[in-house]
Amino acid sequence: MWLHVLGVVAWVGGLAYQTHVLGPAARRGGAGVFAEAARRGRPTAWTAIAVVALTGFYNVTRLGPLERVMESGAGLLLAGKFVLVLAAVTLAAQRDFALVPRLGRALAEGQDPAHALRRIAWLDRLVLLFAVAIVYLGVAVSRA
Ligand code: HEM
């Protein structure tokens, strides 16, 4: 659980910093620094995501007998959480492996980075929104 929460902090904290601190700075003319930070942040983010997923599945094995998990409502909460995690990870992959490289190419070719920055900002907000719901469901599963 400790590793699970540490992974969550590293992933969501890094994303929140990029979205709310580096993103606004990028839109005021610091796109190069943002593109570099987003590129360099990828190994940390994806290591954290892998740790969260692996420890999450381990946590599932520690929840106890299946009947009790279903009776307490934890099973349903966990199913909802899993769907949101899949959606968040898919969006994060689109951001990191499609849009961040596109931003890098736009900058290298001297094009206006505004469009790529805007799309990254929207994806980041969506992933953060999903993360808020996922954290709520995670705590609800623990308390069920
Ligand atoms: C494959 C993905 C995941 C699985 C299978 C999973 C599974 C679990 C399980 C089973 C628990 C309850 C453990 C227990 O009470 O013994 C838990 C707790 C938790 N999870 Fe996840 N999780 C996953 C991803 C995530 C993600 C992406 C986040 C956040 C963005 C997250 C945040 C939390 C939180 C905050 C808790 C509660 C910690 C506490 O109450 O002390 N989990 N997770």
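Author: The crossing of α1 and α4 is left-handed, and this pair of helices is the part to look at closely. The model is a predicted one.

First, the setting. The protein chain has four helices and zero strands, and along the sequence the pattern reads α-α-α-α. Its C-alpha trace spans about 60 × 20 × 20 Å along the principal axes. Of the 144 residues in the protein chain, 25% are buried. Among contacts between residues at least 6 apart in sequence, 77% join residues at least 24 apart.

Now the pair itself. Helix α1 covers residues 2-61 and helix α4 covers residues 114-143. Two packed helices are described by the angle between their axes and by the distance between the axes. For α1 and α4 the angle is about 155 degrees, and the axes are 10 Å apart. Angles over 145 degrees count as roughly antiparallel, so α1 is roughly antiparallel to α4. On the side of α1, the contact is made by Val8, Val12, Leu15, Ala16, Gln18, Thr19, Gly23, Ala26, Arg27 and Ala31. On the side of α4, the residues are Leu117, Ala121, Asp124, Arg125, Val127, Leu128, Ala131 and Val135. Sorted by class, this contact of α1 with α4 has twelve nonpolar, three polar and three charged residues.

Helix α1 also packs with α3, at an angle of about 160 degrees and with the axes 10 Å apart. That makes α1 roughly antiparallel to α3, and the crossing of α1 and α3 is left-handed. From α1, the residues in this contact are Ala31, Gly32, Ala35, Ala38, Arg39, Arg42, Ala45, Ile49 and Val60. From α3 they are Leu78, Val89, Asp96, Val100, Leu103, Gly104 and Leu107. By class, the contact of α1 with α3 has eleven nonpolar, two polar and three charged residues. Ala31 of α1 is listed in the contact with α4 and in the contact with α3.

The remaining pair to describe is α3 and α4. Their angle is about 160 degrees, with the axes 9 Å apart, and that makes α3 roughly antiparallel to α4. The crossing of α3 and α4 is left-handed. The residues of this contact divide into 26 nonpolar, three polar and five charged.

α1, α3 (74-108) and α4 each supply at least two residues of the shell around the ligand. The largest share, ten residues, comes from α1. Of the 22 residues around the ligand, Val8, Gly56, Asn59, Gly138 and Ser142 come nearest. Val8 is also one of the α1 residues in the contact with α4. By class, the shell divides into 16 nonpolar, five polar and one charged.

Leaving aside neighbours within four places in sequence, Val69 is in contact with Leu63, Gly64, Ala74 and Gly75. The C-alpha atoms of Val69 and Ala144 are separated by 8.2 Å, although these residues are 75 residues apart along the chain.

Methods: Residues are numbered from 1 along each chain as its sequence is written. This is a predicted model: local features need pLDDT of at least 70, side-chain atom pairs count only at pLDDT 80 or more; totals for chains, interfaces and linings use all residues. Axes are lines fitted to C-alpha atoms, for helices over the stretch in contact, and angles run from 0 to 180 degrees between N-to-C directions. Angles under 35 degrees count as roughly parallel, over 145 as roughly antiparallel, 65 to 115 as roughly perpendicular and the rest as oblique. A crossing is left-handed if the near helix is turned anticlockwise from the far one by less than a right angle, and right-handed if clockwise. Two residues are in contact if their C-beta atoms, placed from the backbone, lie within 7 Å. Ala, Val, Leu, Ile, Met, Phe, Trp, Tyr, Cys and Pro count as nonpolar, Asp, Glu, Lys and Arg as charged, and the others, Gly among them, as polar. A residue is near a molecule or strand if its C-beta atom, placed from the backbone, lies within 6 Å of it. A residue is buried if 20 or more other C-beta atoms lie within 10 Å of its own, exposed if 12 or fewer, and partly exposed in between; C-beta atoms are placed from the backbone.
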